[in-house]
Amino acid sequence: MLEFDDAQTRLANGAPRPSATIDAPLSAAIGLVLAQDLTATLDLPPADNSAMDGYALRHADYREGATLPIDQIVYAGHAPQALQPGHAARLFTGSLMPPGADTVVMQEDTREADGRLTITQAPRPGQHVRRRGEDTAAGSALLPAGTRIGPAQVALLASQGIARVTVHPAVRVGILTTGDELVPPGQPRGAHQIYNSNGPMMAALVEGMSAQATHVLHAQDNEAALKSAFQTLARDCDLIVSIGGVSVGDKDLVKPVLESMGASLDLWRVRMKPGKPVAMAHVDGKPVVCLPGNPVSAFAVFTVLVSPLLRRMQGRRDLFPQVSMLTLRTDAPRHDSREEFLRVRRDVNNGGVGELQAFDRQSSGVVSSLPWATGLARIPAGHTVYDGEKVAYYDFKHWLS
């Protein structure tokens, strides 16, 4: 069996980074990855403006107990007149600073009567002023290539007036489930059958990472059906993920079918639990990742092994999200000859410290553990971990986005 870290590295490098690009409107680029560095062309803010509702003045004109005549009202979006010496201007959050003014006194620290302003709290020079370019300066780096575009990136790009971006197209993923015992949800089920949760689950995982689940196919356990499905996926998709049929049983036919199509396995079987029967091959230059048929195992393997490969194919800069070290709470010591990935939930104890609670049933057949869990805790192979020890934590929030 291949060691987990080696398998993760080999899978993450199982396809080249993308070269294709498209020009997309900002509204259609959510989830896609920038194909080029972007540089700011505007100072933001474009001019000094007020961070508060209040009054603008020259700090040098402030005298304790003195009043200043108010010579103008400046609304956001309006152009102010120059501030006369010894005067103040009424303004609001976002209002441009009048030429000559250098300080803003917030409304709560003033009194206004008969067009004159009394300041009740001594101001600091330059307070409550947003300076031109203090957020983003023209010519500075905005976003690097390899950045996945989300709501925060959209806000920054739109603030620069950018309406279109050059991005890599979405990765097309083909999903293949196998097994004579599986029937689609919503269809009649015999006593000898179970519902196919793998297809919908894998499609949701793929779409959750902003890739396209182009095909979700199911094949019976025979070579003709499997070969036909793989041919369709290889024709239409960039990445193929199959689930089931990759172990050593009489009906585990994925490996021989792939070999009949000219593929050779780049890896097969990984020293991890759950998820030992994992394989990667290439068909027509397209990577094929074969996952175990158990939904929990497929979910865990996709999280820690397949998601870095998908990020690479998307063109992202960072393939491996953060891994935290947190305290594990478990009723019994954990030990296995393979790397074990426990389904855990991150909770905060009474001291405000994050801890990991292990699900009480770690069998790979317990699908109900998946919505309960927030991530996976890694137990090193051959090492006994006791309650209260720190372990590596793979947060679904990071690893599946």
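Strand β14, covering residues 172-178, pairs with β17 in the parallel sense over seven bridges, where two strands count as paired if DSSP finds at least two bridges between them. Within this pair, I175 stands opposite V216 of β17. Helices and strands here are DSSP runs numbered from the N terminus (helices are H or I with at least four residues, strands are E with at least two). This is a predicted model, in which local features need pLDDT of at least 70 and side-chain atom pairs count only at pLDDT 80 or more, while totals for chains, interfaces and linings use all residues. Residues are numbered from 1 along each chain as its sequence is written, and side-chain values use heavy atoms, with hydrogens and water left out.

The two strands belong to an open sheet of six strands with mixed pairing, in the order β17-β14-β18-β22-β21-β19. The edges are held by β17 (212-219) and β19 (267-268), and each has a single partner strand, so one side of each is left without a neighbour in the sheet.

## Helices on the sheet

Helix α4 (residues 223-236) packs on the sheet and touches β14, β17, β18 (239-243), β21 (279-283) and β22 (286-291), where contact means heavy atoms within 4.5 Å. The direction of α4 makes about 170° with that of β17; for such angles, axes are lines fitted to C-alpha atoms, for helices over the stretch in contact, and the values run from 0 to 180 degrees between N-to-C directions. Helix α6 (residues 295-314) lies across β14, β18 and β22, and runs at about 170° to β22.

Leaving aside neighbours within four places in sequence, the residues in contact with T178 include H218, A219, D221, L226 and V254.

## L34 in strand β2

L34 is found in strand β2 (residues 33-34), and L34 is buried, with a relative accessible area of 1%. Apart from neighbours within four places in sequence, L34 is in contact with residues that include L143, P144, I149, V165 and H168. L34 and M97 are 63 residues apart in sequence, and their C-alpha atoms are 36 Å apart in space.

## An enclosed strand, β26

All five of the five residues of strand β26 (residues 375-379) are buried, so this strand is largely enclosed by the rest of the structure. From β26, G375, A377 and I379 point one way, whereas L376 and R378 point the other way.

Strand β26 pairs in the antiparallel sense with β24 (residues 339-348) over five bridges, and V344 stands opposite G375 of β26. Four bridges also join β26 to strand β27 (residues 390-395), again running antiparallel, with R378 opposite A392 of β27.

Definitions and conventions
Buried < 20%, exposed > 50% of the residue type's maximum accessible area, 1.4 Å probe, protein only.
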